[in-house]
Amino acid sequence: MRLTSLGHAAVLVETGTERILFDPWLTQRLDRFWEHHPPLADDLVREVLDDGVDYVVLSHHHFDHHHFPSLLRLRDGADVDFDDSPRQSSGVTCVYPAGPVPPQLTASGLGHQAIAWTLRRFGFEHLHPVTPGDTITLGGSTLRTFPSAVPFPEMSVLVETADAAVLLCGDALLHEATVEAFRREDAPRLDAVFVPAHSIAPPGVLTERRPLTDPDAARARAVANFDRYVEAIPAALTVPSSFGWRVSGDGERDYSWCNRTMFPFTPTEALRRLDELGRDGLLWGPGQVIEVADGKAVPADGPVPPGAYDFDQVYSEVTLDPGTPVPPFDAALDRYGRQTRASEDMLRELLDRLVATDYWYRALDDGAGRHVISLYEDGGTETAFLLDPVAGRVTRLGPGPARSHLAGGEGWTEMAASTLEAMLGADLLFGSSFGLWASDGVLLSAVFHHPSFYTRHVERALREASGP
């Protein structure tokens, strides 16, 4: 078995009979806020995937794993512009998790149910949904799936051949079913496991610009999560994975401070932790290869040779530094675009788009959900408004930021009017971009992960893929 990294959680697995691509994010930038780190060269993607793939496995529906431009790139294949090759997607089988959980509109667009619809819109004809826990038999290998401890379908995947067994965990949170499976006497002997080493951003740092108050506790939680994985899933080789990005805003403002305040546990720290636990581990980056044979998983020659990356340097850029100041949000500076619409008009549209979201239903049930939002206008004035989602009413409160107008119990958001206008005219990815507003609630998330923005984003991806 031969495994090639394409950065973050994207891995090409070659079994000798199948080429299986996991969680493809194949562009350097994800959106206006995130990018691959180490960088992912476009010619590297072409080189690694030039021979096409037989299967695409999506561990879950989040955009850095179920990435529209990358899927559209796979649809056509490398040489489609130069000969009469048919669309590659006609021969690709897509495997993805499904389940009975209702979609969560505030957690990545239409939820997991939209995967099948999106893949069909992109031209993929062979779809194979699985319930995490199922096993799929391919030509020369099997895919055994395990659930994740999250409220939507997500899976880890064990790839087994006659002489190799590798578990790719993606972003999955360790589930008791996975723990039990590897406690059994007949549990497979793993040659390699790819364990998520990403860590959850300490609360409030990005959304409310609150300085990190207890970095030791944040790191301890991340280490404990990693340790549980390592203890539960023994393997000859453990690779800290799903951590191949950094914040790199595409505007004039510098958001590099985010990289020093978000990640309490990096892959280099995970590698040192493996050494402390007496487990063999290694780090790899885009273009590097691991070969599995004779019960061993070792680095091998590939597009990027072993040892090419200085991982201490790479991950030093995203290492938690408690001394890094968190700049207060300033809507006069943390903004995007130009304002051409009146603030009240945009806020009324915001309320209209809130209808039928999770936030709206909760507001109806509770008779609450009122939210104070302030907009900094291009003319230099800042005005606060009260949004009432139950009554569908916008009330002007007066000058100043939202937090100066709270009466008690309301949520609040502060942002530039130009940013709101840009978001209303854009699509899904603006709803996932931090740094352009500060808030203690999920009202904006509810709106900008609404189905209308998801479908708009699908259509934009299709237009861009078809060219001018």
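In this predicted model, helix α8 (residues 343-354) and helix α10 (residues 417-424) pack with their axes coming within 10 Å and crossing at roughly 45°. That angle makes α8 oblique to α10, and the crossing itself is left-handed. On the α8 side, the contact draws on Ser 343, Met 346, Leu 347, Glu 349, Leu 350 and Arg 353; α10 brings in Ala 417, Leu 420, Glu 421 and Leu 424. Sorted by class, the residues where α8 meets α10 come out as 6 nonpolar, 1 polar and 3 charged.

A second helix pair can be described in the same terms, since two packed helices are described by the angle between their axes and the distance between the axes. Here the partners are helix α3 (residues 114-121) and helix α12 (residues 451-466), with axes that come within 11 Å and cross at roughly 25°. Angles under 35 degrees count as roughly parallel, so α3 and α12 are roughly parallel to each other. As for handedness, α3 goes past α12 in a right-handed crossing. Ala 114, Trp 117, Thr 118 and Arg 121 make up the α3 side of the contact, while α12 supplies Tyr 454, Thr 455, Val 458, Glu 459 and Leu 462. The α3 and α12 contact residues split into 5 nonpolar, 2 polar and 2 charged.

Turning from helices to a loop, Asp 440 sits between β21 (437-439) and α11 (443-448). With a relative accessibility of 37%, Asp 440 counts as partly exposed, because that class lies between the under 20% of buried and the over 50% of exposed. As for Tyr 359, 81 residues separate it from Asp 440 in sequence, and the two lie 14 Å apart in space, C-alpha to C-alpha.

Finally, the cysteines. How many disulfides does the structure hold? The count is 0, a disulfide being a pair of cysteine sulfur atoms within 2.5 Å.

Terms used: Residues are numbered from 1 along each chain as its sequence is written. This is a predicted model: local features need pLDDT of at least 70, side-chain atom pairs count only at pLDDT 80 or more; totals for chains, interfaces and linings use all residues. Side-chain values use heavy atoms; hydrogens and water are left out. Axes are lines fitted to C-alpha atoms, for helices over the stretch in contact, and angles run from 0 to 180 degrees between N-to-C directions. Helices (H or I, at least four residues) and strands (E, at least two) are DSSP runs, numbered from the N terminus. Angles under 35 degrees count as roughly parallel, over 145 as roughly antiparallel, 65 to 115 as roughly perpendicular and the rest as oblique. A crossing is left-handed if the near helix is turned anticlockwise from the far one by less than a right angle, and right-handed if clockwise. Contact means heavy atoms within 4.5 Å. Ala, Val, Leu, Ile, Met, Phe, Trp, Tyr, Cys and Pro count as nonpolar, Asp, Glu, Lys and Arg as charged, and the others, Gly among them, as polar. Buried means under 20% relative accessible area, exposed over 50%, partly exposed in between (1.4 Å probe, protein chains only).
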